[in-house]
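Have the structure open as you read.

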Amino acid sequence: MKILITGAKGFVGKNLVSTLNNIKYGKDKSFSLSNDITIFEYDIDTPEELLDKYTAECDFVFHLAGVNRPKDEKEFMEGNFGFTSVLLEKLKENENKAPVLITSSIQAALDNPYGKSKKAGEDLLFGYGKENGVKVFVYRLPNVFGKWCRPNYNSAVATFCNNIAHDLPITVNDRSYMMNLVYVDDVVCEFINALNNTANLKEDGYCYVPTVHQITLGEIVDLLYSYKESRNNKEIPYLKPDSFEKKLYSTYLSYLPENEFSYPAKMNCDDRGSFTELFRSNERGQVSVNISKPGITKGNHWHHTKNEKFVVVSGKGVIRFRKIDSDEVIEYYVSGEKIEIVDIPVGYTHNIENLGDTDMVTIMWCNECFDPEKPDTYFLEV
């Protein structure tokens, strides 16, 4: 299959091209699509003569090119209607009845220059499909968000992500304004449905992306500032599968300054080694890393309700347990050569000793975040 994508270097186009390339080279097998595909990328800097070649050979057209923020309003009609006309004429000249998918906007229902130009493009494509017996897919997209969207252009989410990540100011005129948003990966998935002729179609003839998120501007801003603060408080956001929060957090991270991907963790050091809390979550507890010097024993305490999991990832040692009302000591020998997870049950005093000649590194998970007012930790020698 030969696929023509106009606007291939734009936000949605770039995401679509990258996904199709992953399919083509066998890196993504989650789609029921053959990897025998050729991608024709067409954008504003592509030599015009290639449009003749592409429209003669293509088997499917993703028409994503358009104008959002022109210097002159007349460019709306020239870019959103005019180029669509050129594209469809080229297909007709080449007697190519390949299906055509076009991205429109919910603003096509509004009486403004941008909306009128999008509506004109829709009508043109619907007419073209009917007159020429061609399958067409028209998507009136709401606001699209995700990686690679240009900030300070036409996306509030992209602008907020970029500016907050770069410590720049943002302007929110109405925190209560309700946004309807679709995530770019969901858009791409739906577009591949159309490529497989399984698009989601409404009775009025328009296609749609099934997952739409509704949230206010104020809520978006609050979430983004909480993501920024999470680097200081170590809090991992609560990210339910397919939730807006999960998608927004991924989007926010894509706008981090390239010299600020890493950030420090506070190491609590002494002559025994170090203990460093890495992440915490009210729902999932906390994760820390413990480094013990050779011959050092740490622990010798027990818990009522707090429970832990220990994973030695480097070095070797032993984890000892004793039920607090028993004299029997239980030993588990652990090593970074054989990664295993050791549960630390409640009611057992426990310690961990480094038996090797090098530092022993242990990843520790606890089911609750440390609370100095209620530590639930009681000293008792094993």
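Cysteine 189 is partly exposed, with a relative accessible area of 34% (buried means under 20%, exposed over 50% and partly exposed in between, using a 1.4 Å probe and protein chains only). Please keep in mind that this is a predicted model, in which local features need pLDDT of at least 70 and side-chain atom pairs count only at pLDDT 80 or more, while totals for chains, interfaces and linings use all residues. Residues are numbered from 1 along each chain as its sequence is written, and side-chain values use heavy atoms, with hydrogens and water left out.

- Searching the whole structure turns up 0 disulfides, a disulfide being a pair of cysteine sulfur atoms within 2.5 Å.
- Cysteine 189 is in no disulfide, and its nearest cysteine sulfur, in cysteine 207, is 14 Å away.
- Cysteine 58 is buried at 2% relative accessibility. Its sulfur is 18 Å from the closest cysteine sulfur, also that of cysteine 207, which is too far for a bond.

**Aromatic rings and charges**

- The whole structure holds 14 aromatic pairs. Rings of Phe, Tyr and Trp (its six-membered ring) pair if their centres lie within 6.5 Å; planes under 30 degrees apart count as stacked, over 60 as edge-to-face and the rest as tilted.
- One aromatic cluster is made up of Phe60, Phe62, Phe137, Tyr139 and Phe191.
- Tryptophan 148 has the charged end of lysine 14 over its ring, 4.8 Å from the centre. The charged end of lysine 147 sits over the ring of tryptophan 148 as well, at 4.7 Å from the centre. For this, NZ of Lys or CZ of Arg must be within 6 Å of the ring centre and within 35 degrees of the ring normal.

**Helix α5**

- Helices (H or I, at least four residues) and strands (E, at least two) are DSSP runs, numbered from the N terminus.
- Among the buried residues of α5 are Phe160, Cys161 and Ile164.
- What covers the buried residues of α5 includes strands β6 (143-145) and β7 (178-183), along with helices α7 (217-233) and α8 (244-253).
- Just after α5 comes aspartate 167, with a positive phi of about 60 degrees.

**Strand β17 and its partners**

- In strand β17 (residues 348-354), 6 of 7 residues are buried.
- Strand β12 (residues 297-302) runs antiparallel to β17, joined by 4 bridges; two strands pair if DSSP finds at least two bridges between them. Here glycine 299 has asparagine 351 of β17 as its bridge partner.
- Strand β14 (residues 316-323) also pairs with β17 in the antiparallel sense, over 7 bridges. Isoleucine 319 stands opposite isoleucine 352 of β17.

**Two polar residues worth a click**

- Asparagine 290 lies in strand β11 (residues 285-292) and is buried, at 3% relative accessible area.
- The side chain of asparagine 290 makes polar contacts with the side chains of serine 292 (3.0 Å) and lysine 298 (3.0 Å). A polar contact is a pair of N or O atoms within 3.5 Å; within protein, one must be able to donate a hydrogen and the other to accept it, and residues adjacent in sequence count only if both atoms are side-chain atoms.
- Serine 335 belongs to strand β15 (residues 330-335). A polar atom of the serine 335 side chain lies 2.9 Å from the backbone nitrogen of glutamate 337.
- Leaving aside neighbours within four places in sequence, serine 335 is in contact (heavy atoms within 4.5 Å) with Val312, Gly315 and Lys316.
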